[in-house]
Amino acid sequence: MFKKVTIVGLGLIGSSMARGIKEQGLAETLVAADRDQDVCDKVTELSIADEVTSNLEEGVKESDLIILAVPVGAIEDVGKAIGPFLKPNSIVTDTGSVKQSVVDSLQPFLPDSVHLVPAHPIAGTEFSGPEAGFSELFHGRWAILTPLPETSIKAVEKITALWEALGSTIEIMGPKHHDLVLGITSHLPHLIAYTIVGTATDLEDDVKSEVLKFSASGFRDFTRIAASDPTMWRDVFLHNRVAVLDVLQRFTEDLTALQKAIRRGDGDYLYKVFDETRDMRKQIIEMGQAEYAAAPGMADASPAGTPPVVAPHKGSASSG
Ligand code: NAP
């Protein structure tokens, strides 16, 4: 499919893509480039790329496809560093959980002859690093592409074929729309999980030990989500500020209304809200997404119309 592919950033997502690309024979040469020498050594040991380098500029030279799988906050620096070394007509794509800021940070540094096709696999686990990756991560999941109106159709088709070969189903949307949708389905649930677990962390020691003991009553799922990589999630909230603040405002208003109903003993209001929310669950089951709706933060992790995928034991399905 491609002569030379370079993946920059060999964490969970980059190393999972490397494994999938190797297994499916999608590149004649696969280069792994990561600034971290320890990560490079690990990738060499795992044999998931043909060439490994900590020199990003060297790594992208002569590549037909460059995949940026670094935290959203690192995209601009990486774009600045590799821009002058990109081959004319090559394609740059990424895996970032936020899309508009990726477009804004990358575009100024890419030569006109290079095609940018931003992407976001709706797949992940709470684990990080090259050891955490596995090629089945993307099987039966959505990959959202957010090309710009002027993006070459051929380049979009190539990235579509790449994700399909990795096992995903493609959805195309605008970057701003992506950020709003993911703001509610993924970013807000993660923020809630971080808050609940943070609140529990501040409890007195004796109460805290009871929280751990009885965590299976709901809290446990939040701890899994809240164990997600802090760098990645810091960057998500800083780079999807507008959409997250918008959904957070709506959420706060709804929470305040529930708080008021509890204080006033307004059972009718509580019943009405809880009854309406059951309907959302029903719709998720009808769309074949129930496997993933079982835990917070996972509602966006399984494509509608595709069979539910049982998450491998290498990590629980959750996604940025
Ligand atoms: P990760 O496991 O933390 O790996 C990121 C890798 O990129 C690390 O090896 C990191 O090295 C390297 N890196 C960071 N800054 C760099 C730079 N300036 N130059 C070169 N390498 C750099 O992260 P991940 O979970 O794979 O996520 C990668 C991207 O995919 C993020 O944009 C994230 O939003 C997106 N994504 C994640 C998930 C998920 O569930 N994890 C799901 C969908 C999309 P250091 O260790 O030195 O920092």
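Predicted model: local features only at pLDDT ≥ 70, side-chain atom pairs only at ≥ 80, totals over all residues.
**Domains.** Domain 1 spans 2–174 and domain 2 spans 177–286. Their C-alpha centres are 31 Å apart. At the contact, 17 residues of domain 1 meet 15 residues of domain 2. About 1,300 Å² is buried between the two domains, and carbon and sulfur atoms give 65% of that area. On the domain 1 side, Ser 97, Val 98 and Glu 126 lose the most area to domain 2. Together they make up 40% of what that side buries.

What kind of polar pairing links the domains? There are 7 residue pairs in polar contact, both residues at pLDDT 80 or more. The count of salt bridges between domain 1 and domain 2 is 0. The side of domain 1 that touches domain 2 has 7 nonpolar, 8 polar and 2 charged residues.

**Salt bridges.** The structure holds 9 salt bridges. The table lists some of them.

| Pair | Closest N to O distance |
|---|---|
| Asp 50 and Lys 22 | 2.6 Å |

The bridge from Asp 50 to Lys 22 joins distant parts of the chain, 28 residues apart. Asp 50 sits in the loop between α2 (37–46) and β3 (51–53), and Lys 22 in helix α1 (residues 12–24). Asp 50 is partly exposed at 38% relative accessibility. Lys 22 is partly exposed at 36%.

Glu 58 is partly exposed at 44% relative accessible area.

Lys 272 and Glu 276 lie in helix α12 (residues 267–286). They are 4 residues apart, so about one helical turn separates them. Lys 272 is partly exposed at 46% relative accessibility, and Glu 276 is partly exposed at 48%.

Notes:
Residues numbered from 1 in each chain as written. Heavy atoms only, no water. Domains from an automatic or database assignment. Contact = heavy atoms within 4.5 Å. Buried area = accessible area lost by both parts, 1.4 Å probe. Salt bridge = Lys/Arg side-chain N within 4 Å of Asp/Glu carboxyl O. Polar contact = N/O pair within 3.5 Å; in protein donor to acceptor, adjacent residues only side chain to side chain. Nonpolar A, V, L, I, M, F, W, Y, C, P; charged D, E, K, R; others polar. Helix = DSSP H or I, 4+ residues; strand = E, 2+ residues; numbered from the N terminus. Buried < 20%, exposed > 50% of the residue type's maximum accessible area, 1.4 Å probe, protein only.
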